[in-house]
Amino acid sequence: MSRIGKLPIAIPKGTEVSVNKNVINVKGPKGALTRTIDADITVAVEDGHVVVKRPSDQKRHKALHGLYRSLINNMVIGVSQGFKTNQEIVGVGFKVSTQGQMLDLTLGFSHTIIFELPKDIKASSTTEKGKAPSLVLESHDKELLGMVSSKIRSLRKPDVYKGKGVRYAGEQLRIKAGKSAAGSAK
């Protein structure tokens, strides 16, 4: 069996999981999520745990077994605890501010970028003197949060020569030396 797929998913207090054929609904204090899964995979709620089973040992079924177990686990964690991403905006004059569901990003272009967030994502920004501005995104949907974080990062990816741009907090960059270092190595 799949090492990930065979693990049962514990359902925390205050969270409800319901299975109707191949549609899974998860409700909790942070929100509600719904996912349609493949008809070959069976999901059952037993003794406060969600169990995912596959019909055979075909390669496709093995892959789907672990995949759907992980997706359902992320749904349960999301509606009970939620997910968070931290991003830093590094560069001289780079700024971020939030007004409700709108982000106002100044990333060194001739214009500011207005980015509208989906309604399921909450954003907050902080600017401290001597530190890069930071952006914190929170949501109960891990998939949506990852897509939005990636889209914001793609607006100005970190430069490999100077390190300027939007990066995840704690992300390590390999800074290249540039042309001046090549001439001094002779």
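Partly exposed here means a relative accessible area between the buried limit of under 20% and the exposed limit of over 50%. Keep that in mind for the views below, which all come from a predicted model.

**View 1. Lys53 and Glu46 pair up in a salt bridge.** The side chains meet at 3.9 Å, N to O. Lys53 has a relative accessible area of 41%, so it falls in the partly exposed class. Glu46 is partly exposed too, with 36% relative accessibility.

**View 2. Asp57 meets Arg54.** This salt bridge has an N to O distance of 2.9 Å. Buried or exposed, what is Asp57? Asp57 is exposed, at 56% relative accessibility. Arg54, on the other hand, is buried at 14%. The structure holds 7 salt bridges, and the Asp57 and Arg54 pair is one of them.

**View 3. Asp38 sits in a loop and reaches out to its surroundings.** The loop in question runs between strand E4 (31-36) and strand E5 (42-46). Look for the side chain of Asp38 reaching the backbone nitrogen of Asp40 at 3.0 Å. Asp38 also makes a 2.8 Å polar contact, side chain to side chain, with Arg60. Leaving aside residues up to four places away in sequence, Asp38 touches Asn22, Arg60, Leu64 and Tyr68.

View 4. H2 covers residues 142-154, and its 13 residues should span 18 Å at 1.5 Å a residue; the end C-alpha atoms are 18 Å apart, so the two agree. The buried residues are Leu144, Leu145, Val148, Ser149, Ile152 and Arg153. At the N-terminal end, Asp141 caps H2, with a side-chain oxygen 3.3 Å from the backbone nitrogen of Glu143.

**View 5. Arg153 and Glu171 form a salt bridge.** The side chains come to 2.7 Å, N to O. Arg153 lies in helix H2 and Glu171 in the loop between E13 and helix H3 (179-183), so the pair ties together parts that are 18 residues apart in sequence. Glu171 is partly exposed, at 21% relative accessible area. Elsewhere, salt bridges with shared partners join Asp38, Asp40 and Arg60 into one network.

Definitions and conventions: Residues numbered from 1 in each chain as written. Predicted model: local features only at pLDDT ≥ 70, side-chain atom pairs only at ≥ 80, totals over all residues. Heavy atoms only, no water. Helix = DSSP H or I, 4+ residues; strand = E, 2+ residues; numbered from the N terminus. Polar contact = N/O pair within 3.5 Å; in protein donor to acceptor, adjacent residues only side chain to side chain. Contact = heavy atoms within 4.5 Å. Expected span 1.5 Å × (residues − 1). Buried < 20%, exposed > 50% of the residue type's maximum accessible area, 1.4 Å probe, protein only. Salt bridge = Lys/Arg side-chain N within 4 Å of Asp/Glu carboxyl O.
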